[in-house]
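Here are my notes on this one, point by point. Have the coordinates open as you read.

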Amino acid sequence: MAVDREDLLRYYRESRAKLLAAIDGLTDQQMSETTIDGWAVKDHLAHLALWDDLRAAEVERISAGFESAWKMTDQQDDEYNAAGYELRRSMSAAQARWELEQSRRKLLDAITAATPEALDPSRYGAAGLHSQHEDQHSGWIARWRGEKGY
């Protein structure tokens, strides 16, 4: 059953607002410290952007009448995350913020233009349609800030 488009758009806007609040005021140096379980804040941003890009492409693909290209196993999901981290960890904090902004714009545009079929969560693989993913990362970053006193 399809999710409500406006509810989904609102959810993604609200989750992004929480993430932006979690990183508000951090310097590029602070965002580059690899002190959140081995990742830096910028790595979390690049990771979220990677998944937004994938999710936007999935919405477009399913809107075009095709099947998900990303029905991964848990192991494949872990391997994709590891590869994404390795490929993106050299990004600057500025680029990670840019990637985050651009990928979310693409996702919101894809959802806005989505067909009813593309709003059916059962059509998705690992990228999902509605995910708590960003909220988890926002929570980790907020906890880290509290521990570091930032």
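1. Let's start with helix 1 and helix 5, whose axes come within 9 Å and cross at roughly 170°. That makes helix 1 roughly antiparallel to helix 5, a label used for angles over 145 degrees. Axes here are lines fitted to C-alpha atoms, for helices over the stretch in contact, with angles running from 0 to 180 degrees between N-to-C directions. Helices themselves are DSSP runs (H or I, at least four residues), numbered from the N terminus.

2. Before going further, some housekeeping: this is a predicted model, where local features need pLDDT of at least 70 and side-chain atom pairs count only at pLDDT 80 or more, while totals for chains, interfaces and linings use all residues. Residues are numbered from 1 along each chain as its sequence is written, and side-chain values use heavy atoms, with hydrogens and water left out.

3. Who meets whom in that first pair? On the helix 1 side there are R5, L8, L9, Y12, R13, S15, R16, L19 and L20, and they meet L100, E101, R104, L107, L108, I111, T112 and A113 of helix 5. Contact means heavy atoms within 4.5 Å. Sorted by class, the contact of helix 1 with helix 5 holds 10 nonpolar, 2 polar and 5 charged residues. The classes are Ala, Val, Leu, Ile, Met, Phe, Trp, Tyr, Cys and Pro as nonpolar, Asp, Glu, Lys and Arg as charged, and the others, Gly among them, as polar.

4. Now compare the pair formed by helix 3 (residues 41–63) and helix 6 (residues 133–148), which pack at about 175° with axes 11 Å apart. Helix 3 and helix 6 are therefore roughly antiparallel to each other. Helix 3 brings V41, H44, H47, L48 and W51 to the contact, and helix 6 brings H133, E134, H137, W140, I141 and W144. The tally for the contact of helix 3 with helix 6 is 6 nonpolar, 4 polar and 1 charged.

5. The largest nonpolar core has 16 residues, of which L8, Y12, V59, L107, I111, A118 and Y124 touch the most other members. A nonpolar core is a set of buried Ala, Val, Leu, Ile, Met, Phe, Trp, Tyr and Cys residues joined through side-chain atoms within 4.5 Å. Helix 1 (5–23), helix 3 and helix 5 (93–113) are the elements that give two or more residues to this core. Apart from it lies another core, of 14 residues, including M31, V41, A96 and L100. As for L107, its contacts beyond four places in sequence are Y12, D52, R55, A56 and V59.

6. E58 deserves a look. This helix 3 residue is buried, at a relative accessible area of 0%; buried means under 20%, exposed over 50%, and partly exposed in between (1.4 Å probe, protein chains only). Leaving aside neighbours within four places in sequence, E58 is in contact with S68, A69, W70, Y124, G125 and A127.

7. Which side chain is joined to S68 by a polar contact? That of E58, at 2.3 Å. A polar contact is a pair of N or O atoms within 3.5 Å; within protein, one must be able to donate a hydrogen and the other to accept it, and residues adjacent in sequence count only if both atoms are side-chain atoms. S68 sits in the loop between helix 3 and helix 4 and is buried, with a relative accessible area of 13%. A polar atom of the S68 side chain also lies 3.5 Å from the backbone nitrogen of G125.

8. Two further buried polar residues. Q30, in helix 2 (residues 28–31), has a relative accessible area of 17%, and a polar atom of its side chain lies 2.8 Å from the backbone nitrogen of T27. Beyond four places in sequence, Q30 touches G25, W144 and Y150.

9. Last, a backbone point to check: D37 has phi near 50°, a positive value in a residue other than glycine. D37 is in the loop between helix 2 and helix 3 and is exposed, with a relative accessible area of 72%.

Note on methods. Angles under 35 degrees count as roughly parallel, over 145 as roughly antiparallel, 65 to 115 as roughly perpendicular and the rest as oblique.
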